[in-house]
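Please read the numbered points with the sequence and the model at hand.

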Amino acid sequence: MGRVSEKVVLVTGGAQGMGAAHARLLVAEGAKVVITDILHKEGEALAAELGTSAIYVRQDVAQPEDWCQAIAAAESKFGALHGLVNNAGIASMAPIEQFPLEQWKKTLAVNLTGVFLGMQTALPAMRRAGGGSIVNISSIEGLRGTAGLHAYVASKFGVRGITKSAALEAAASGVRVNSIHPGLTNTRMTENFEPSSFPIPLGRAAEPQEVSRAVLFLLSDESSYLTGSEIVVDGGLTIGVPHTCPAPANIF
């Protein structure tokens, strides 16, 4: 308990799924949390559940003015901003020859431009607070390709890259920037996927709380020497090609 005691953290896309799991764990560990989302009803309900340690602010992460309002709300309500979790994201699938341009633009606006705007707006507030930690939620699709997920893959590779360039700039101000790369996780976004169809060595999808523990670590002082790093939370999905038979005997 208390691993992020008295830290103020803004979590985008925090009304449900992984974002809600992040918010719950952070509050349980002592943080004050600003939950942002476009899902007003769900966001208000979660903030009410978490009590005086959380507030909800409606935010479209692709809009600069919404970022200014969200950061201002954090400083006004809780006095500072120490952490940012860029969690909001969307995905859609289609063959590249049929992929709608508007959907491409929308996905990059939320998944990548939203992360850019978040860091751009949060960094001055974190400097005022004396330092902090930014956690960008990328994906294993930021490490590899997946047919059909073209805009999502492009955006998540972009998040992986901008995490590193921002980390270089922010280090002198005492702000660390890292990325997390979840694999298949049990959320509403993946409810139509069958985990057994994925070659996951651990044999199951992740629970949102398992990703949240990595978020908590990166926001806490326990990760004080990590910046520009990637934490992969995928049950081993990306470590290699799985084999369904025992390893061959020594042939040398």
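1. Valine 33 is in contact (heavy atoms within 4.5 Å) with Val9, Val11, Ala23, Leu26, Val27, Ser53, Ala54, Ile55 and Phe78, leaving aside its neighbours within four places in sequence. This valine 33 belongs to strand 2. Helices (H or I, at least four residues) and strands (E, at least two) are DSSP runs, numbered from the N terminus. Valine 33 counts as buried because its relative accessibility is 0%; buried means under 20% relative accessible area, exposed over 50%, and partly exposed in between, with a 1.4 Å probe and protein chains only. Between the C-alpha atoms of valine 33 and arginine 213 there are 16 Å, although the two are 180 residues apart along the chain.

2. A remark on the basis of this note: this is a predicted model, in which local features need pLDDT of at least 70 and side-chain atom pairs count only at pLDDT 80 or more, while totals for chains, interfaces and linings use all residues. Residues are numbered from 1 along each chain as its sequence is written, and side-chain values use heavy atoms, with hydrogens and water left out.

3. Helix 3 (residues 64–78) consists of 15 residues, and the distance from its first C-alpha to its last is 21 Å, close to the 21 Å expected at 1.5 Å a residue. The expected span is 1.5 Å times one less than the number of residues. Its buried residues are Asp66, Trp67, Ala70, Ile71, Ala74 and Phe78. Viewed down the axis of helix 3, these fall within an arc of 135°, so they line one face of the helix; the arc is that of the directions from the helix axis to the C-beta atoms. Their cover includes strand 1 (8–12), strand 2 (32–37), strand 3 (54–58), strand 4 (83–86) and helix 4 (101–128). Glycine 79, with a positive phi near 90°, follows helix 3.

4. Which residues of helix 2 (residues 40–50) are buried? They are Gly43, Leu46, Ala47 and Leu50. Because they cover an arc of only 100° around the axis, they are on the same side of helix 2. Helix 1, strand 2 and strand 3 are the elements against which they pack. The exposed residues Lys41 and Ala48 are carried on the face of helix 2 turned away from its buried side.

5. Leucine 39 is placed in the loop between strand 2 and helix 2. With a relative accessible area of 27%, leucine 39 is partly exposed. Not counting residues up to four places away in sequence, leucine 39 touches Ala15, Gln16 and Tyr56. Leucine 39 and glutamate 222 are 32 Å apart in space, C-alpha to C-alpha, and 183 residues apart in sequence.

6. In helix 6 (residues 208–219), the buried residues are Pro208, Val211, Ser212, Ala214, Val215, Leu216, Leu218 and Leu219. They pack against strand 1, helix 1, strand 4, strand 5 (132–137), strand 6 (175–182) and strand 7 (230–233). The end C-alpha atoms of helix 6 are 17 Å apart, which agrees with the 16 Å that its twelve residues should span at 1.5 Å a residue.

7. The largest pocket holds about 1,300 Å³ of space. Its lining has 44 residues, of which Gly89, Ile90, Ala91, Tyr152 and Met189 lie nearest its centre. Helix 1 (17–28), strand 2, helix 4 and helix 5 (150–170) are the elements that give two or more residues to this lining. By class, the lining comprises 21 nonpolar, 16 polar and seven charged residues. Ala, Val, Leu, Ile, Met, Phe, Trp, Tyr, Cys and Pro count as nonpolar, Asp, Glu, Lys and Arg as charged, and the others, Gly among them, as polar. On a 1 Å grid over the protein atoms alone, a pocket is an open set of points where a 1.4 Å probe fits, with protein on both sides within 12 Å along at least five of seven lines; lining residues have an atom within 4 Å of a point.

8. Glutamate 6 lies in the segment before strand 1. Its phi is positive, about 70°, although glutamate 6 is not a glycine. Glutamate 6 is exposed, with a relative accessible area of 53%.

Methods
Grid points are joined across faces, edges and corners, and a volume is the space filled by probe spheres set on the points.
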